[in-house]
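I opened my notebook to look through a protein model. My plan was to start with the whole chain and then go down to single residues.

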Amino acid sequence: MTADTDAKLIEQGRKLFAGDWQFIWASPSIETLPPMAGMEVAFAGRSNVGKSSLINALTGRNALARTSHTPGRTQELIFFEGPDKAGFRLVDMPGYGYASAPKAKVASWTALIHKFLQGRSSLARVYVLIDARHGIKDVDLDVLNTLDKSAVSYQVVLTKADQVKPAALEACTEATLAALAKHPAAFPEVLVTSSRTGAGMAELRAAMVRLLEERS
């Protein structure tokens, strides 16, 4: 990948995400999913990892995705659609690993996530968000194993990088890469981001533009 190519993808990503993004659908069950169309990328992660904040930072909108100080609030698959004719959707998945939620509710969320991952041919990639302050936890490994079994391409995105000192962030990144080496469906690069400062957003947008180009 040349510097010129990177710069071109970053500019294309900036233009794509500066366009009009809209909430289009919420699915509490597999039966209520929208018809497949174009390309979808999904965001998965533990409750309170910052999925909604990341989606808002990507699109430059403060309130496109609903953020909450109460972990586990998103209990549906939330779909956002990009500018006309881009054929591109973002999917905010229910947060997992929220210990205080009733077990039956956690089980239903988990089943929804797993069924979605296994039966969605329009799903090009899952971005698994990991809190840079904590690194990969056992509950994250369960999701990575599910993604491996579903043969869904995924990439890890570290969030809240602005809240970690540089040496600790580097150690977390290296440990994450080492863990991913054991997972066949994992993309072998880790993106480091901060929704608050905007760090890593240009690179994440560029990665999605590359996916769009590969599938067109």
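Here are my entries, in the order I made them.

**Entry 1: the whole chain**

I first noted that this is a predicted model. I then looked up the secondary structure, and the protein comes to six helices and seven strands. Walking along the sequence, I wrote down the pattern α-β-β-α-β-β-α-β-α-β-α-β-α.

Next I looked at the overall extent. The C-alpha trace spans about 50 × 45 × 35 Å along its principal axes. For 216 residues, a compact globule would have a radius of gyration near 17 Å, and the protein's 16 Å agrees with that.

I also looked up burial, and 49% of the 216 residues are buried. Then I turned to contacts between residues at least 6 apart in sequence: 75% of them join residues at least 24 apart.

How do the axes of α2 and α6 cross? I found that helix α2 (residues 51-59) and helix α6 (residues 201-215) have axes that come within 10 Å and cross at roughly 80°. That makes α2 roughly perpendicular to α6, because angles of 65 to 115 degrees count that way.

I then listed who touches whom. From α2 come Leu54, Ala57 and Leu58, and they meet Met201, Leu204, Arg205 and Met208 in α6. Sorted by type, the residues of this contact are six nonpolar, no polar and one charged.

**Entry 2: salt bridges around Asp131**

My search of the whole structure gave ten salt bridges. I picked Asp131 to follow up. Arg133 forms a salt bridge with Asp131, and their closest N and O atoms are 2.7 Å apart. Is Asp131 buried or exposed? It is buried, as its relative accessible area is 4% and the cut-off for buried is under 20%. Arg133, at 39%, is partly exposed.

Asp131 also meets the side chain of Lys160 in a salt bridge, at 4.0 Å from N to O. Lys160 sits in the loop between β6 (154-159) and α5 (166-180), while Asp131 is in strand β5 (residues 123-131), so the pair ties together parts that are 29 residues apart in sequence. I noted that both Lys160 and Asp131 are buried.

**Entry 3: another pair, and a network**

I moved on to Asp162 and Arg196, whose side chains meet in a salt bridge of 2.8 Å, N to O. This pair links distant parts of the chain, 34 residues apart: Asp162 is in the loop between β6 and α5, and Arg196 is in the loop between β7 (191-192) and α6. Asp162 is partly exposed at 28%, and Arg196 counts as exposed at 67%.

Which residues are linked in a network of salt bridges? I found Glu40, Glu81, Arg89 and Arg120.

**Entry 4: one residue up close**

I ended with Thr176, which lies in helix α5. Thr176 is buried, with a relative accessible area of 2%. What is Thr176 in contact with, leaving aside its neighbours within four places in sequence? My list reads Ile136, Val156, Leu158 and Val190.

Technical notes
Residues numbered from 1 in each chain as written. Predicted model: local features only at pLDDT ≥ 70, side-chain atom pairs only at ≥ 80, totals over all residues. Heavy atoms only, no water. Axes fitted to C-alpha atoms, helices over the stretch in contact; angles between N-to-C directions. Helix = DSSP H or I, 4+ residues; strand = E, 2+ residues; numbered from the N terminus. Parallel < 35°, antiparallel > 145°, perpendicular 65-115°, else oblique. Contact = heavy atoms within 4.5 Å. Nonpolar A, V, L, I, M, F, W, Y, C, P; charged D, E, K, R; others polar. Buried < 20%, exposed > 50% of the residue type's maximum accessible area, 1.4 Å probe, protein only. Rg over C-alpha atoms; globule rule 2.2 N^0.38 Å.
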